[in-house]
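Please look over the sequence and the model shown here before reading on.

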Amino acid sequence: MTDSEPPLEATSEVPFWRQRHFVYQVLPQVVLFLSLLLTAVAVESARQRGIKEHLRLEKALADDIRDAVERRFEVNTALLSSVVGLFNASEDVERQEFQSFFREIAGTATNLRGIQGVGFSRLIPEGQLKPFLNSMRSKGRNDFRVFPEGRRQIYTAIEFLQPSDWRNERAVGYDMYSNPVRREAMKRAALTGLPSLSGRVKLLQENSDDVQAGALLYLPIFRDGSRMHVKGVFSPAGRGDAAFKDLLGWAYSPLRMADLVQAALVPIRNPYLSRASFALYDGSLATPSELLFSQSAGRVLTQQADGSGTPDLKYASFSRFNVGGRTFLLGVQLGRTSGKFWGLNAIAWITLAIGVVFSSAISGITWLLVRNHRLVLNQLTISQARNRERALAATVFEQSSYGITITDSDARLISCNQAFSQLTGYSRQELLGQNMSILKSNRHDKAFFRQLWECLQHQGRWEGEIWNRLKNGELRRHELTIKAVCNDGEQLICYVGMLHDISDRYRQEAEIRFQARHDYLTGLPNRAELIVQMDQALARAKRYGLRVALVFLDLDGFKPINDQLGHATGDRVLKTVAARLQLVIRESDTLARQGGDEFVLLIPQASDQNGLITLAHKLQEQVELPIPELEGLPLSVSIGIALFPDHAASAEQLLHLADQAMYQAKQQRQGSSGHVAIATPDAGEAMPSQRPA
């Protein structure tokens, strides 16, 4: 026996939990238990992360789909607004004029995809049905009829519907107000003056092939041109349907929902769209009777009569949104997040397998080897995690659709991704080491950049929009985010910037704003824009003591032109007159088309009455110049003039007095030439002024 070995009696007196054989036997089991426990935690963590990421992707896709559908309806609403503008601008819209108008918007609008048509439904009280049908036949539409037949207090008839294909021709003359679903949407549109979407219907345009769920979008048209308030009210109980005052009818679009949603999905760049299953329902319940559109793994499903053909959305994420006064329910599903195999994804299964194998292997190693091995393994795991993070960061950096830059404290470029090179037109070799002022557009002053740098120094972050000049000299509007990156000692390391081109979005918004405030025929400001300009001009005049003049022009003899030569010739004459009038006025003046054959000239800094009369006669001369299209028909103009503050103190009074003065001039005209009249503040009377010989 050696001195290092304890005697037998001593060994038996050592507690069992400190005996070596017990440690040898228990240690592998403890290690195995702990390893399996860690594996279970890791698997559960991976499962939860997978579920959260899955739900996040579903929500992002649902947001993309919802935004795309809402944009589709916004485009359709804008088209219907242009129809309302057409009826506000013309007292009597003819079929040919409506066809020409539709060709204009259809020729420049790829946004018509998914829209079955654009039309007008006229409101016809019971006593006016027969005169209306006689009017249709007098216009050559002998086969026009209002259906379904039957006596009602209110009729509506689809008078125009473009394009004139076989589907839409089946609906011309249909009384949509006779259908409860359509009637509810038409009432809501008339009461609110806002776009109103109907519930799910089967369109008359459908036949037995490719039947789709349908809906109709309405926008009311009033005779006084108002859309923001309703002139009509419902009749008392017992009088049947609603009776409307001053309501001319509705601009509307029949929508085949499958076509519309598919068209809305085209711009979506979400990579999961083609693999997702989703459905769109009318209302708050996901029932087959309310299904509008469904798709399963990129394939559009057709709903059958027995209710089949809907996607299995057992694990879908649902969200609601409102369009045109209707609630839509959208369900999106990328895959299963729970259920079969306890919701474990591939990463969780791999983690579980590796954990079990790893736990079994290390359970047979001695405590020293286990300790050393675990130390090495931990270091290796940390290193691998960092390498994965670097690889992931590099992948995100390079694959991002946003332009990403890394610059030093002096704004010199250290690195950039491919997207930034594509945005600016410069290669990486050209950009490295360059100051970011290479993109300077000269559209921002020094105060702009001073504020940018102060924000970065004090807050460590700056977000905003900036104009940059590309390599080819083109100016583009970008959305820019810059963040300062510091080390643990709060010392600046670099700046990271993210750049996104938003020029096209702003250009589209500007085009929509222009169309809303300008006459579609002449391109001149419309009445809404004129009122805005008048308010601004009067505000400046009150502040600086200026005089503002309003010149009201009404073409004499224009109706015979439309009647004898057609509305197309009338439109060309209006364009010619608008172009000639602009040759006479100054850049600071505003020429607007009031509607029909009426023009209004706003002069923010007007001269005295003699100067205005001279200007009016110049305008007359331009109108009376020969126009080849007229074929000898005479054309002249009557002009009314009102001054601020001489005659009126507000824009409404000024417009009213100028209008009255124009009518006074029209009544006193002699021969074929119009007169000029100047308003007086006394009871709206006008003072005529003859053209000098």
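Is Tyr520 buried, partly exposed or exposed? The model is a predicted one, and in it Tyr520 has a relative accessible area of 36%. Because buried means under 20% and exposed means over 50%, Tyr520 counts as partly exposed.

## Aromatic rings

The model holds 15 aromatic pairs. In one of them, the ring centres of Phe101 and Tyr520 lie 5.7 Å apart, and because their planes meet at 85°, the pair is edge-to-face. This pair links distant parts of the chain, since Phe101 belongs to helix α3 (residues 95–108) while Tyr520 is in the loop between α13 (503–517) and α14 (527–544), and the two are 419 residues apart. Phe101 is buried, with a relative accessible area of 3%, whereas Tyr520 is partly exposed.

Trp453 and Tyr495 also form an edge-to-face pair, with 5.7 Å from centre to centre and 80° between the planes. Trp453 lies in helix α12 and Tyr495 in strand β15 (residues 492–501), so this pair ties together parts of the chain that are 42 residues apart in sequence. Trp453 counts as partly exposed at 30% relative accessibility, while Tyr495 is buried at 7%.

Which residues form one aromatic cluster with Phe101 and Tyr520? The cluster also contains Phe87, Phe98, Phe120 and Phe160.

| Charged residue | Ring | Distance from charged end to ring centre |
|---|---|---|
| Arg183 | Tyr177 | 5.9 Å |
| Arg443 | Trp467 | 4.1 Å |

## Backbone features

Most residues other than glycine have a negative phi, and most peptide bonds are trans. With that background, some places in the backbone deserve a careful look.

A cis peptide bond joins Phe147 and Pro148, with omega about 5°, and Pro148 lies in the loop between α4 (129–138) and β2 (154–162). Another cis peptide bond, also with omega about 5°, joins Phe644 and Pro645, and here Pro645 is found in the loop between β19 (636–644) and α18 (651–667).

Positive phi values occur at Ala411, where phi is near 65°, and at Asn442, where phi is about 65°, although neither residue is a glycine. Ala411 has its place in the loop between β11 (403–407) and β12 (413–416), and Asn442 is in the loop between α11 (428–431) and α12 (446–459). Is Asn442 buried or exposed? With a relative accessible area of 61%, Asn442 is exposed, because that value is over 50%. Ala411, by contrast, has a relative accessible area of 10% and is therefore buried, since this value is under 20%.

## Two packed helices

Two packed helices are described by the angle between their axes and the distance between the axes. For α14 and α18, the angle is about 115° and the axes are 10 Å apart, and α14 passes α18 in a right-handed crossing. The residues that make the contact are Arg527, Ile531, Met534, Asp535 and Leu538 from α14, together with Ala651, Leu654 and Leu655 from α18. When these contact residues are sorted by kind, six are nonpolar, none is polar and two are charged.

## The surroundings of Phe321

Phe321 lies in strand β9 (residues 317–323) and counts as buried, because its relative accessibility is 6%. Which residues does Phe321 touch, leaving aside those up to four places away in sequence? They are Arg66, Val69, Glu70, Leu280, Arg326, Thr327, Phe328 and Leu330. Arg66 is 255 residues away from Phe321 along the chain, yet their C-alpha atoms are separated by 7.7 Å.

## The chain as a whole

The secondary structure of the chain comes to 18 helices and 21 strands. The chain has 693 residues, of which 43% count as buried, Phe321 being one of the buried residues described above. Among contacts between residues at least 6 apart in sequence, 61% join residues that are at least 24 apart.

Technical notes:
Residues are numbered from 1 along each chain as its sequence is written. This is a predicted model: local features need pLDDT of at least 70, side-chain atom pairs count only at pLDDT 80 or more; totals for chains, interfaces and linings use all residues. Side-chain values use heavy atoms; hydrogens and water are left out. Helices (H or I, at least four residues) and strands (E, at least two) are DSSP runs, numbered from the N terminus. Buried means under 20% relative accessible area, exposed over 50%, partly exposed in between (1.4 Å probe, protein chains only). Rings of Phe, Tyr and Trp (its six-membered ring) pair if their centres lie within 6.5 Å; planes under 30 degrees apart count as stacked, over 60 as edge-to-face and the rest as tilted. A charge sits over a ring if NZ of Lys or CZ of Arg is within 6 Å of the ring centre and within 35 degrees of the ring normal. Axes are lines fitted to C-alpha atoms, for helices over the stretch in contact, and angles run from 0 to 180 degrees between N-to-C directions. A crossing is left-handed if the near helix is turned anticlockwise from the far one by less than a right angle, and right-handed if clockwise. Contact means heavy atoms within 4.5 Å. Ala, Val, Leu, Ile, Met, Phe, Trp, Tyr, Cys and Pro count as nonpolar, Asp, Glu, Lys and Arg as charged, and the others, Gly among them, as polar.
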